[in-house]
Amino acid sequence: MMRKRGNLWRWLATLGGMLGVGVAIALGFWQLDRAAQKQQRHLAMQAQAAAQPLDATGVQQALQAQAGDVQSLLYRPVVLQGQWLPAHSIYLDNRQMQGRPGFYVFTPLQLGSGQAVLVQRGWIARNFQDRQALQAVQTPAGPVTVQGWLAGPPARLYELGDAQSSDTQHPQIRQNLDLGAFARASGLPLWPVTVVQTGAASEGLLRAWPQPGSGVATHHGYAFQWFAISAVLAVMVLWFQWLRPLRNVQASHVAQPD
């Protein structure tokens, strides 16, 4: 009876261990699938970045053709002409460039069609003695030409309280910016995309934007970990549930006198 119960527990432990092995293997392949998806998106992004630049008319036509789906337009180069609207400039706090904290400077660019697009013009460092003292940014008057690429709304950072609250002493300083809410508050007919301006440092702004990576290596690392866990579990099940008991049985037979 005891032997049958021991065999039952051995089979149950083996089944549980093999179930763990199967789950770990499945998670490993899931991570590989995630890596493949991100690699495809990264290749699509690179293809977009290598395409011919669009002008304002081309962007508007593409937005209409995509029926509001802006994902297929992200990272597409653009060359736009218009006039800055510095009265609506926004400084997004706690943004870093080259390891230094500061602000991303956003200014709407009014296009010839009457529409406007929010442009991420560049970055300025923070004044640690006085957060309200912003570095000088030159905003040219009159027609300007802006080169850059299409991007989504500004990336959000975690914050406490009202996401649309602004600094009472400097209302242009914000932690986050909701594109739709900004369009309603400013009354500007904004595009549903933004533009990240490229080029050398100018107008008091740096533009050393980090290049987005594919993130494939991270998923490959996770996949390796899951496959390693599955291998360890398989070895443990084989050793503790089968090889070691068999070895003990053989040893007990050898120890018994004839």
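**View 1. Cover over the buried residues of helix α2.** Strands β1 (77–84), β3 (100–111), β5 (143–151) and β7 (190–197) are among the elements that cover the buried residues of α2, where contact means heavy atoms within 4.5 Å. Helix α2 (residues 56–65) has A56, G58, V59, Q60, A62 and L63 as its buried residues. Buried means under 20% relative accessible area, exposed over 50%, and partly exposed in between (1.4 Å probe, protein chains only). Helices (H or I, at least four residues) and strands (E, at least two) are DSSP runs, numbered from the N terminus. The model is predicted: local features need pLDDT of at least 70, side-chain atom pairs count only at pLDDT 80 or more, and totals for chains, interfaces and linings use all residues. Residues are numbered from 1 along each chain as its sequence is written, and side-chain values use heavy atoms, with hydrogens and water left out.

**View 2. The aromatic pair of F29 and F227.** A search of the whole structure finds 2 aromatic pairs. Rings of Phe, Tyr and Trp (its six-membered ring) pair if their centres lie within 6.5 Å; planes under 30 degrees apart count as stacked, over 60 as edge-to-face and the rest as tilted. F29 and F227 pair edge-to-face, at 5.2 Å centre to centre with 75° between the planes. The pair links F29 in helix α1 (residues 2–49) to F227 in helix α4, 198 residues apart. F29 counts as exposed because its relative accessibility is 52%.

**View 3. The aromatic pair of Y104 and W209.** This edge-to-face pair of Y104 and W209 has 5.3 Å centre to centre and 85° between the planes. Y104 lies in strand β3, and W209 in the loop between β7 and α4. Both Y104 and W209 are buried.
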